[in-house]
Amino acid sequence: MFQSFFPNPRWFFISLIVWASLCIGVWYGLGDQLGTALGFELPGEDAEPVLGLGHFVSPDFLWFYLYFFVTLMMFGLVWMKLCPHKWQLWSIFGSALILFSTYFSVQVSVAINTWRRPFFDSIQEALAEPGSITAVQLYDLIIIFGQIAFLAVIVFVITRFFVSHYVFRWRTAMNDFYAAKWTQLRQVEGAAQRVQEDTMRFAGIMEGLGVSLVDAFMTLVAFLPVLWSLSQYVTELPIIGAIASPLFYAAIFWSIFGTMLMAFVGIKLPGLEFKNQRVEAAYRKELVYGEDHEDRAQPLTLTQLFGNVRKNYFRLYFHYMYFNVARSFFLQADNLFAYIILIPTIVAGTITFGILQQILTAFGQVSNSFQYLINSWPTIVELLSVYKRLQSFERVLHDQPQVQIDRKYAASGEDK
């Protein structure tokens, strides 16, 4: 799956994590000093945020573009030199482009969140004191939003178009890799299905799930500082009382709690999904044999194999039932959590309507990013199932024993 597309996957991803952590640490620790030394006029912490498209061409953004490009080229050229690979332009620089475009999309959300304060404050002022805000002022703010929204649409469309091509190149790399080793792999049960269907499903799931994961991570990188700065307007939390940066810590606590809850409740689902693929494959294989051999696909055999399918589906339905109950209750509670922790601040009247909108949006962005596992769990379960099948498939190439469930089905074809 990975060695077909990435150069030396294990060390590549380890080095990527180390390098990315180092670059992020340098950026947040020394980024301003380096940028100023290079001649960028970076704004101070108390500077007013830039509204509209100017947000993306401000000095701090131009400095970030340069920093990202330089660190990317350093990492990519080293790997191209040390471990040349057929798909290195797509796997290294294509991945970097997806990271950058996703981060840019998140910054569009940040720009919209910055726009919310003056817009909703203007609405509050206009409603409280008629005539204090003119229609032209509101129209100007709406035009600014339209410009940002138009940019968001363009970036989204281009990103999705590129990701589709990127993922299909990954599938092509897997297909070429398995086809070159077909003489070794053809003896594995369901080999044709794994090469054709599982690689297709893997690519399709990665297209949506992978981008969502990157988006969740980039949203945290962009909105956690925003939530930290907005915490200055909130001095206390219900029950707990006054603490430093209450919004920041409340969002992290609530999101981690939900993630751990869903991981615990849904712990059985990946194995059941994997088993589901096995019983479906055994049933389908017998039907295929029955097309060419009269002694195969007999009613008794088909009844037994379909009984395995039914048994596993009913078991899956049961476990998904209580998982969905827990997931739905948490998501409903999540809709109110931000308002609950803001009640003391709202009652005290210490924030404006615009700041309230900023806080709710930033809190929701951080919370949703931490809840990536919750929102994507059914898809993650499907991906884990496909991954297990392809991993088991590749064990043949390394003369490794099959995983336990594959040995069971290879021996009997029945649900154990």
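Mentor: Begin with helix H10, which is mostly covered: 13 of its 18 residues are buried. Keep in mind that this is a predicted model.

Trainee: How does direction work along a helix?

Mentor: An α-helix has 3.6 residues a turn, so residues three or four places apart point the same way.

Trainee: Next, glutamate 286. Is it buried or exposed?

Mentor: Buried means under 20% relative accessible area. Glutamate 286 has 10%, so it is buried. It is found in helix H8, residues 269–292.

Trainee: Which residues does glutamate 286 touch?

Mentor: Leave out residues up to four places away in sequence. Glutamate 286 then touches Arg296, Ala297, Thr301, Leu302 and Leu305.

Trainee: Which residues make the nonpolar surface patch?

Mentor: Leu38, Leu66, Phe69, Val70 and Met74 make a patch of about 470 Å². Take valine 70, found in helix H2, residues 59–82. Its relative accessibility is 38%, so valine 70 counts as partly exposed.

Trainee: And cysteines? How many disulfides are there?

Mentor: A disulfide is a covalent bond between the sulfur atoms of two cysteines. The test is a pair of sulfur atoms within 2.5 Å. By this rule the count is 0 disulfides.

Trainee: How covered are cysteine 23 and cysteine 83?

Mentor: Cysteine 23 is buried, at 10% relative accessibility. Cysteine 83 is partly exposed, at 23%.

Technical notes: Residues numbered from 1 in each chain as written. Predicted model: local features only at pLDDT ≥ 70, side-chain atom pairs only at ≥ 80, totals over all residues. Heavy atoms only, no water. Buried < 20%, exposed > 50% of the residue type's maximum accessible area, 1.4 Å probe, protein only. Helix = DSSP H or I, 4+ residues; strand = E, 2+ residues; numbered from the N terminus. Contact = heavy atoms within 4.5 Å. Patch = residues over 30% accessible without salt bridge, like charges linked within 9 Å, V, L, I, M, F, W, Y side chains within 5 Å. Areas by Shrake-Rupley, 256 points an atom, 1.4 Å probe, with all protein chains shown as cover. Salt bridge = Lys/Arg side-chain N within 4 Å of Asp/Glu carboxyl O.
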